[in-house]
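Biologist: Can you bring up the model? I have a few things to ask about it.

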Amino acid sequence: MSIERVKTDVWRELSARTIFLHQAIADHLGLNITDHKCLDILLQNGPMTAGKLAEASGLTTGAITGVVDRLEKKGFVRRAADDRDRRKTVIVILPERLAEIKRLFRELGEKTEALMACYTPEEQAVIDDFARRTGDIIAAFVKRLKGQHEGQPE
């Protein structure tokens, strides 16, 4: 087996396992995977408008309305007036559900930290840089695919 195939197989397997991890978490929380990942965007960024959440997720504002409705019905978020501009509404995560989510990720986080501790600070910096750049490549690729799907030129 060629080294290129081994590298490709490792990344494909990691990609699949990551998707299945997030599906399992979504199932555990009683959510679909899109709602789970939108909730994650809120966890990372704090309260935001539906428009900002749509932008961050790449979903339409109509789709985000459904996501927020479902998250609100399940008790994960609430709509609230924006502190800076009372004319706007922001989506806020409810603290009581936040503890449940943190508990789910605690073990995974601890094991990931232990794995990263096996690497020197310089190696950790390379791993972080690679992950960040890979994320940028993926975001650009998704944007291009969405543009092609919507009939926009490349």
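Biologist: What percentage of the residues of the protein chain count as buried?
Modeller: Of its 154 residues, 21% count as buried. Buried means under 20% relative accessible area, exposed over 50%, and partly exposed in between, with a 1.4 Å probe and protein chains only.

Biologist: And what sort of coordinates are these?
Modeller: This is a predicted model, in which local features need pLDDT of at least 70 and side-chain atom pairs count only at pLDDT 80 or more, while totals for chains, interfaces and linings use all residues. Residues are numbered from 1 along each chain as its sequence is written, and side-chain values use heavy atoms, with hydrogens and water left out.

Biologist: What does the secondary structure of the protein chain come to?
Modeller: Six helices and two strands. Along the sequence the pattern is α-α-α-α-β-β-α-α. Helices (H or I, at least four residues) and strands (E, at least two) are DSSP runs, numbered from the N terminus.

Biologist: What box do the C-alpha atoms fill?
Modeller: Roughly 55 × 45 × 30 Å, taken along the principal axes.

Biologist: On to packing. At roughly what angle do the axes of H2 and H3 cross?
Modeller: Roughly 110 degrees, and the axes of helix H2 (residues 33–45) and helix H3 (residues 50–57) come within 10 Å. That makes H2 roughly perpendicular to H3. Axes are lines fitted to C-alpha atoms, for helices over the stretch in contact, and angles run from 0 to 180 degrees between N-to-C directions. Angles under 35 degrees count as roughly parallel, over 145 as roughly antiparallel, 65 to 115 as roughly perpendicular and the rest as oblique.

Biologist: Which residues meet there?
Modeller: Cys38, Ile41 and Leu42 in H2 meet Leu53, Ala56 and Ser57 in H3. Contact means heavy atoms within 4.5 Å.

Biologist: How do the axes of H3 and H4 cross?
Modeller: They come within 9 Å and cross at roughly 110 degrees. H3 is therefore roughly perpendicular to H4. Ala50, Leu53, Ala54 and Ser57 in H3 meet Thr61, Ile64 and Val68 in H4.

Biologist: Changing topic. How many aromatic pairs does a search of the whole structure find?
Modeller: One. Tryptophan 11 and phenylalanine 130 form a tilted pair, 5.3 Å centre to centre with 35 degrees between the planes. Rings of Phe, Tyr and Trp (its six-membered ring) pair if their centres lie within 6.5 Å; planes under 30 degrees apart count as stacked, over 60 as edge-to-face and the rest as tilted.

Biologist: Which parts does the pair tie together?
Modeller: Tryptophan 11 lies in helix H1 (residues 3–29) and phenylalanine 130 in helix H6 (residues 121–149), so the pair links parts 119 residues apart in sequence.

Biologist: Is tryptophan 11 exposed, partly exposed or buried?
Modeller: Tryptophan 11 is partly exposed, at 47% relative accessible area. Phenylalanine 130 counts as partly exposed too, at 43%.

Biologist: What sits over the ring of phenylalanine 76?
Modeller: The charged end of arginine 97, 3.8 Å from the ring centre. A charge sits over a ring if NZ of Lys or CZ of Arg is within 6 Å of the ring centre and within 35 degrees of the ring normal.

Biologist: Last one. Where is aspartate 82 found?
Modeller: In the loop between strand E1 (77–81) and strand E2 (89–93). Aspartate 82 counts as buried, at 8% relative accessibility. Leaving aside neighbours within four places in sequence, aspartate 82 is in contact with Lys88 and Val90.
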